[in-house]
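Here is a short briefing on one protein chain. Topics are grouped for quick reading.

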Amino acid sequence: MIDKYRERVRSAAEAKTGEPVYNGSLEHAAVLAETMFGYAQNEILILSGELNPRVYGRADVVEQARLFLADPEHKVRVLVETPDSLHSENHPLMTVLGDKENAEVRAVPRDLQEKYEFHFMVMDGDSYRFEKDKREPIAIAAFGDEIGGANIKGIFDTLWSKSCPLAAES
């Protein structure tokens, strides 16, 4: 069943028509994250509570992130709500992000978190996975939706400007 979903997501990423792809589980979310890292050409933006390891800690997602960040022109910016849950030695994606100059993680201030209910991931400003309710892994994704992607990227940029860099671990 997941292989069929994976193929549907890959087809959508290649076609970039903006057609919606629905996501109803953490496994689906991981497939979308892996695909976005794999198909991104410039930038990945993530707004997440804690970079749920069942999504962002999976070996396939981490490997695609590593490959994406191998190009110094590629950028990854991550906003998290609970930075205390992110310790690079315990989180495979944080291990990759922490090693790279072209990756940055910031914490969203608590008072700002209360102003929105969503989480998302944006690829190259025109593709995304958007969770309307951050408490559920239910989301809609689209590849090649320039208007939707630009709107979500705009939200990200606003939150980014009001968020704090994570302190370096010693």
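At 0% relative accessibility, Leu-93 is classed as buried. The model is predicted.

**Positions that are apart in sequence**

- Leu-93 belongs to helix 5, which covers residues 92–98.
- The C-alpha atom of Leu-93 is 5.4 Å from that of Val-62. Along the chain, Leu-93 and Val-62 are 31 residues apart.
- Glu-19 sits in the loop that joins helix 1 (2–15) to strand 1 (20–23).
- Glu-19 has a relative accessible area of 53%. The cut-off for exposed is over 50%, so Glu-19 counts as exposed.
- Glu-19 and Ala-142 are 123 residues apart along the chain. Their C-alpha atoms are separated by 5.8 Å.
- Ile-155 is part of helix 7, residues 146–161.
- The relative accessible area of Ile-155 is 32%.
- From Ile-155 to Asp-145 the C-alpha separation is 16 Å. Ile-155 and Asp-145 are ten residues apart along the chain.

**Helix 2 and helix 4**

- Two packed helices are described by the distance between their axes and the angle between those axes.
- The axes of helix 2 and helix 4 (residues 59–69) come within 8 Å. They cross at roughly 15°.
- Angles under 35 degrees count as roughly parallel, so helix 2 and helix 4 are roughly parallel to each other.
- Helix 2 and helix 4 cross in a left-handed sense.

**Positive phi angles**

- Most residues other than glycine have a negative phi.
- Leu-51 is not a glycine, yet its phi is positive, about 50°.
- Leu-51 is located in the loop between strand 2 and helix 3.
- Is Leu-51 buried or exposed? Its relative accessible area is 0%. Buried means under 20%, so Leu-51 is buried.
- Asp-124 is a residue other than glycine with a positive phi, near 55°.
- The loop between strand 5 and strand 6 holds Asp-124.

**The second largest pocket**

- What is the volume of the second largest pocket? The value is about 320 Å³.
- The lining of the second largest pocket has 19 residues. Nearest its centre lie Leu-26, Asn-52, His-119, Glu-131 and Lys-134.
- Which elements give two or more residues to the lining of the second largest pocket? Two are helices: helix 2 (26–39) and helix 3 (53–56). The others are strand 2 (43–48), strand 5 (119–123) and strand 6 (127–131).
- By residue class, the lining of the second largest pocket has nine nonpolar, six charged and four polar residues.

Technical notes: Residues numbered from 1 in each chain as written. Predicted model: local features only at pLDDT ≥ 70, side-chain atom pairs only at ≥ 80, totals over all residues. Heavy atoms only, no water. 1 Å grid on protein atoms, 1.4 Å probe; cavity = no way out; pocket = protein on both sides within 12 Å on 5 of 7 lines; lining within 4 Å. Points joined across faces, edges and corners; volume = space filled by probe spheres on them. Helix = DSSP H or I, 4+ residues; strand = E, 2+ residues; numbered from the N terminus. Nonpolar A, V, L, I, M, F, W, Y, C, P; charged D, E, K, R; others polar. Buried < 20%, exposed > 50% of the residue type's maximum accessible area, 1.4 Å probe, protein only. Axes fitted to C-alpha atoms, helices over the stretch in contact; angles between N-to-C directions. Parallel < 35°, antiparallel > 145°, perpendicular 65-115°, else oblique. Left-handed = near helix turned anticlockwise from the far one by under 90°.
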